[in-house]
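I opened the model to go through its backbone angles and one of its sheets. These are my notes.

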Amino acid sequence: MAIDIKAPSFPESVAEGTVATWHKQPGDSVERDELIVEIETDKVVLEVVAPQNGTLGEIKVQEGETCESEQVLGTIGDADAASSDEKNQAPAEGKDDAKAESKPAAGGEGETLEVKAPSFPESVAEGTVATWHKKVGDACERDELIVEIETDKVVLEVVAPADGALSEIKVQEGETCETEAVLALFSAGASGAAAPAAEESDSKSDEGQDEKVGDKILAPAARKMVAEHDLDVSKLVGTGKGGRVLKEDVAKAVKEGTAAKSAAKPAAAPKAAAPKAAPAFEGERPEKRVPMSRMRQTIAKRLVNAQQTAAMLTTYNEVDMSAVMELRKQYKDTFQKVHDTKLGFMGFFVKAATEALKRFPDVNASIDGTDIVYHGYQDIGVAVSSDRGLVVPVLRDTDSMKLADVEKTIVDFGQRARAGKLGIDEMQGGTFTITNGGIFGSLMSTPILNPPQTAILGMHKIQERPMAVNGQVVIRPMMYLALSYDHRMIDGKDAVQFLVAIKDLLEDPARFLLDV
């Protein structure tokens, strides 16, 4: 019987992968869990191991070809037809292939397999088990999602190695794991037979641990959550076997606020209280405590590290945006027709910063230990807000980019950041960063350095203000600019002159657009 070799489930941000290396050729014998093929994505190299002992049959996706999540890459045939006592129970003449394929991919029923974390990228040291989609005893089909691992860059999915059931979870939700760490043990077996056995085992293991409170039966984990959140057990709805209240039921009640205890009784207690006692709050006052995501932890660590290791200072200036706004008003329709993208503000700032960085190489440099690294190119990071946190994709070699190229790339970065599809390599490197708090209405702020860079430019809201021009008070669209810099590398004079250069270029944009 041939078993399919499938690509693993790719993370949501990964659309496809490339088959990098086949470590076995058709006809080669393989052992279960032996590495047979590697798949390279834009974020991580994934290893695919043999699902059973046997011989590699057909290779369906060759090296260099692309594959999608869970696509069949090849097949493995049985190594020895007489090696298992259960072979005499298999269909003799392929009479029922559908039933034959429901056999576990990893061997006979009852065989224990290890569920391992995938190989993390080199830049990722560890991950956090985010969500177990299956509990101990739950029946699983081969390649069904059972657990998600969150790293500081990407969420990785781990699937069932065969038909069967989870027998033991070794790394709980919220705990950290290293690359290829054993997360759980898995009992292989036909999906139709594994489920009742697993449920029976689960009920036996939990028997004596469940507690009956009123007319509700609470699982141990659920009982603990009820105590932590001080919930009314009678309001809980159990979805487990026989109406058993599970941890997930309690978590749902906490989230929806449907099982909170009534606040009426405590309100009547203090009869002898002083006349001017603190007023009692009526109604519910819910609180929600959730663990910080690994990406948010990484952002926090980097920002705190930047303030602790750099002599950070900020200088401010303001720029009259009249010329840029007039230029956009005059050419925005033509620009969109010709280049198929809108003419925004960020492109002007990127091009102005690029010109200023060429004039002030110290601002474009970085510090590496006791060395100063001067960069002969301008790679500018653009801070983009996403649901998971702030990410900074990098525009490469902006001196050679046209204004339309900058605008198109920034739009693409924003769309893929919100969809979680930015690659790790797109957020690494960079010699300078621009962040725009003005899109959220910020009038003034102090941006924090993005190490090992030594400077970051903060844009803000454009606001009309009265200005003195040639002895007259006129209303002009003004923007405050903030340049945070590392004083270990950049002197105050250079920082101020750099910011003034950006101001002058933006107030007369024809200068850098015409290269004069």
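**Backbone and sheet notes**

I started with glutamate 70, which sits in the loop between β7 (66-67) and β8 (72-78). I keep in mind that this is a predicted model.

I looked up phi there. Glutamate 70 has a positive phi of about 65°, and glutamate 70 is not a glycine. Most residues other than glycine have a negative phi.

Next I went to aspartate 143. I found aspartate 143 in the loop between β11 (139-140) and β12 (145-150). Phi of aspartate 143 is positive, near 70°, and this residue too is other than glycine. The relative accessibility of aspartate 143 is 13%. Aspartate 143 therefore counts as buried, the cut-off being under 20%.

Then I checked for a cis peptide bond. Most peptide bonds are trans. Proline 451 and proline 452 are joined by a cis bond, with omega about 5°. I placed proline 452 in the loop between β26 (432-436) and β27 (455-459).

Last, I traced a sheet. In what order do its four strands run? The order is β1-β8-β6-β3, in an open sheet with antiparallel pairing. β1 (3-6) and β3 (29-30) stand at the edges. Each has a single partner strand, so one side of each has no neighbour in the sheet.

I followed β3 to its partner. Two bridges join β3 to β6 (residues 54-59), and the two strands run antiparallel.

Technical notes
Residues are numbered from 1 along each chain as its sequence is written. This is a predicted model: local features need pLDDT of at least 70, side-chain atom pairs count only at pLDDT 80 or more; totals for chains, interfaces and linings use all residues. Side-chain values use heavy atoms; hydrogens and water are left out. Buried means under 20% relative accessible area, exposed over 50%, partly exposed in between (1.4 Å probe, protein chains only). Two strands pair if DSSP finds at least two bridges between them.
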